[in-house]
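Welcome! Here is a short tour for anyone meeting this structure for the first time.

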Amino acid sequence: MKLFEKLFRPRPPIRDREALADFIDAQSAFIVQKGIYEYSRARAGHYSKVLFAEEGFARSVERARWQAFPLGLSMVGETVDVVLRPHAGDERRPVLDQIIAVVLSVFDRYPVPPSIGEAAWQEARRELAHRLDLVGGHAPKRVMDIPEPLAESYFAMMPIHEKLRGRDFQTTRNYLRVSLCNIHDELADRIDAAAVIGALLK
């Protein structure tokens, strides 16, 4: 019974900066890692257990998930802006600046992944900050369109040789779209927009 209650217990509301950061962290990791693992298993078919047990492939997966994490942060960060912007009024740009700061604080939670290296990791951080800064220069996108500029880069990070990927890009892009829409819906259900904006602008 306790397990049943735990599974169906409503998730706590998001009312402050820390809760927002935790949401961004968890969802960014989820969207990119789930896609990498599921795609790799689908491509490997019956040999997936053997493939994932190989040290070389495990290293490739580790590198891919850290390469992709900043893309997940970018997509989820822009989704947060989509949710909060209608509530921000004249403070839209200050709110976006603080969303960017929260996203970068999530990035900074993690040490430099050995598979990526210091220079590439810092460059990924700069690119992440730049992508999110550009969000303020246009009207909010439909959530399903947010992955569009990043989908090809994400697909190229898959730890499967490009000759074996076939025509799977559209499937991967659709996975990102659907997953991000689900993330948006959960955020919209859980967030106390007024409280979060107040916390961001303190």
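Leu84 touches Val95, Ile99, Ile191, Ala193, Val196, Ile197 and Leu200, leaving aside residues up to four places away in sequence; touching, or contact, means heavy atoms within 4.5 Å. This is a predicted model, where local features need pLDDT of at least 70 and side-chain atom pairs count only at pLDDT 80 or more, while totals for chains, interfaces and linings use all residues. Residues are numbered from 1 along each chain as its sequence is written, and side-chain values use heavy atoms, without hydrogens and water.

Leu84 also stands out in the largest nonpolar core: of its 57 residues, Ile24, Leu84 and Tyr154 touch the most other members. Such a core is a set of buried Ala, Val, Leu, Ile, Met, Phe, Trp, Tyr and Cys residues joined through side-chain atoms within 4.5 Å. Buried means under 20% relative accessible area, exposed over 50% and partly exposed in between, with a 1.4 Å probe and protein chains only.

The largest share, 14 residues, comes from α4.

Overall, the protein chain has 9 helices and 0 strands; these are DSSP runs (helices H or I, at least four residues; strands E, at least two), numbered from the N terminus. Buried residues make up 43% of its 202 residues.

Ala120 lies in helix α6 and counts as partly exposed because its relative accessibility is 41%.
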